[in-house]
Amino acid sequence: MLAARLFALQPAGLVLHVRAGVGVTRDAFVSALRDQLPPDAAMLRCPAHPTSEALLGGLDLPATLAAGRPVRRQGLIARAAGGILLLASAERLPGDTASLLCSALDTDGAPGLVALDEGEPDEELPAVLLDRVALRVELDALRPGAPPATGESALLSGARRRLRDLRTPAPVADALCSAALALGVYPMRATMLAGRIARMAAALAGHAQVEADDAALAASLVLAPRATTIPMPPEAPAQGPPPPSAEPADATPPDAADTLPDTPPEAGPEQAGSPPPPPPQGGQRDDDADREAMPDDLRETVLAAASARLPPHLLDGPALVPTRSAAGAQGRAGAGAVLGTRGRPLTPRPGRPGEGSRLALVETLRHAAPWQKPRRAAAARRSEPSAADLPHRLLVQLSDLHVSRCSRRPRSTAIFLVDASGSAAMHRLAEAKGAIELLLGECYVRRDRVALLAFRGTGAELLLPPTGALARARRSLAALPGGGGTPVACGLDAAMELASQLRRLGETALIVMLTDGRANIARDGTPGRARAEQDARASAARLRAAGLPSLLVDIAPRVQPHAEALADAMGARYLRLTQGEPERLSRAVRALAA
């Protein structure tokens, strides 16, 4: 509720990140936020996939055709000016739309943005939107509490009046900048947001200027969630031995008359009796004097408040800090988009309809409508049609044509390559089936396809072609037989051939191989461990050269070097399937798919 009060105090240009699923708790928070806005402030909901016209406005086609002149309509940003714009499923917002929205937030009269995040823990807002987040709220573990007090509207009204005259002293700004550097928060926008939140906190508390408590609150709310390093504690000054000429502590001072020299010593800054330096001309105080007027421990106070609310992964240690690539920062929704006529519609653009694009009829008419009068006049002068037919015709030129395109994420297929030989069946095949069944369910949730290959005896067999049918995949897995030799090279060749076919179709493929790595059947079907291992290494080298993402899961009962050596030859991640831990395999496949 404190974050809601601060945001509602002056939301213009700010972003409030609310991570919560759809439910009663989120509805109660949004309702409380609406009650704290001024009575004339609007709260509008933005569609899940807003177009540039919906955000910025455009030509009102029915009104333009009826009036015979261009009539524009306001977009959501202009209609929500001075209020709040609610953006649902903000984690799935495309990067270009997020950039357009953030550029509009930097203009005068922009509304505040509440980014409702309903994604998984590994999903995040687009980077351009995440850079502008001022406050974060986690609601998943909370229950809706009592409604705000009835007197909060008057309190916020008074705080809005005080906010106009508040100033931030130079020592407070210096403390916020120092805390940002100590926490590894280098973007200047974050420090500026912290300064703005500090002014809001001071206005809410009734202070005449920003004080240390306000800066500490802003640092904990704005800077701490962005921290990338743990601040080092301040070093204590070194305690050295006293100088040789120092007097003992219990020494009696000599008579002053006996120690005064005949000529006064030269005055210096260290002399205790020297008068203070004169103030600067004009009665103005410099920044150093302003800093000395504040408490000496202001920096430590602000940094300690931010350090108390560091993200959990920083406190767990550097080995557990989640690392995400720039391409995966926006989740899988915007990665590797393919343009076509199916998928999420994009903003119409000028062009001619053809392969991969269709005519955007409404947008074409919208651009042709303002030019009807001059075009009809020009056509009448040329006497092309009769004058009676002109008012009933819509004159469209090539420059008016707009096309609509759609983007979709390339379809991904997980190829499960299972060792069904006698050694694997005797060891861990039943447990491997359980782990694969768990992965099949997760692939179905992500709308990915799965394929099932098994190698045993003298070759490999495609038990399940790429499909999205979960029940069919489970039936094929349950009927997977076991026994016979281990033709590792045949299995790798079959998986690589299937993955190459999917790549030629514009799809992505990843290989998950479950084996103990002990090959004993060569590519031509002849037994012999030396020849079989040589063929397996050759097939693994071709798979590595193709650059296919792969994961090798060791299902041997004891640690042996065969599977790990095969994974190194494949260029694959190596994972040992520990008994009773199928979730570990699931996490590894999710990381590989991302």
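In this predicted model, Arg19 has a relative accessibility of 12% and therefore counts as buried, the limit being under 20%. The protein chain has 594 residues, of which 41% count as buried. Its secondary structure comes to 24 helices and 19 strands.

**The chain as a whole**

- The protein chain exposes about 32100 Å², and carbon and sulfur atoms supply 55% of that area.
- Among contacts between residues at least 6 apart in sequence, 77% join residues at least 24 apart.

**Salt bridges between parts of the chain**

- The count of salt bridges in the model comes to 15.
- One of them joins the side chains of Arg19 and Glu124, with a distance of 3.8 Å from N to O. Arg19 belongs to strand S1 (residues 15–19), whereas Glu124 is in the loop between strand S6 (112–117) and helix H7 (127–130), so this pair ties together parts that are 105 residues apart in sequence.
- Asp131 and Arg189 form another salt bridge, in which the closest N and O atoms are 2.9 Å apart. Because Asp131 lies in the loop between H7 and strand S7 (133–138) and Arg189 in helix H10 (residues 188–205), the pair ties together parts that are 58 residues apart in sequence.

**Helix H22: its extent and its buried face**

- Helix H22 covers residues 529–546, which makes 18 residues, and reaches 26 Å from its first C-alpha to its last, close to the 26 Å expected at 1.5 Å a residue.
- Which residues of H22 are buried? They are Ala532, Asp535, Ala536, Ser539, Ala540 and Leu543.
- Viewed down the axis of H22, these buried residues fall within an arc of 140°, so they line one face of the helix.
- An α-helix has 3.6 residues a turn, so residues three or four places apart point the same way.
- The buried residues of H22 pack against helix H21 (488–504), strand S17 (508–515) and helix H23 (561–570).
- On the other side of H22, Ala530 and Ala545 are exposed.
- Just after the helix, Gly547 takes a positive phi of about 75°.

**Charged residues of H22 and their partners**

- Arg542 forms a salt bridge with Asp493, the closest N and O atoms lying 3.2 Å apart. Since Arg542 is in helix H22 and Asp493 in helix H21, the pair ties together parts that are 49 residues apart in sequence.
- Arg542 is partly exposed, with a relative accessible area of 39%, and Asp493 is also partly exposed, at 23%.
- Salt bridges that share partners join Asp493, Arg523, Asp524, Arg531, Asp535 and Arg542 into one network.
- Asp535, which is in helix H22, is buried, with a relative accessible area of 9%.
- Beyond the residues up to four places away in sequence, Asp535 touches Ala489, Ala522 and Arg523.

**Arg72, an exposed residue in a strand**

- Arg72 is found in strand S4 (residues 72–74).
- Is Arg72 buried or exposed? Its relative accessibility is 62%, so Arg72 counts as exposed, the limit being over 50%.
- Leaving aside neighbours within four places in sequence, Arg72 is in contact with Gly57, Gly58, Leu59 and Asp60.
- The C-alpha atoms of Arg72 and Leu59 are separated by 4.4 Å, while the two residues are 13 apart along the chain.

Note on methods:
Residues are numbered from 1 along each chain as its sequence is written. This is a predicted model: local features need pLDDT of at least 70, side-chain atom pairs count only at pLDDT 80 or more; totals for chains, interfaces and linings use all residues. Side-chain values use heavy atoms; hydrogens and water are left out. Helices (H or I, at least four residues) and strands (E, at least two) are DSSP runs, numbered from the N terminus. The expected span of a helix is 1.5 Å times one less than its number of residues. Buried means under 20% relative accessible area, exposed over 50%, partly exposed in between (1.4 Å probe, protein chains only). The arc is that of the directions from the helix axis to the C-beta atoms. Contact means heavy atoms within 4.5 Å. Accessible areas come from the Shrake-Rupley method with a 1.4 Å probe; for residues, only the protein chains shown count as cover. A salt bridge is a side-chain nitrogen of Lys or Arg within 4 Å of a carboxyl oxygen of Asp or Glu.
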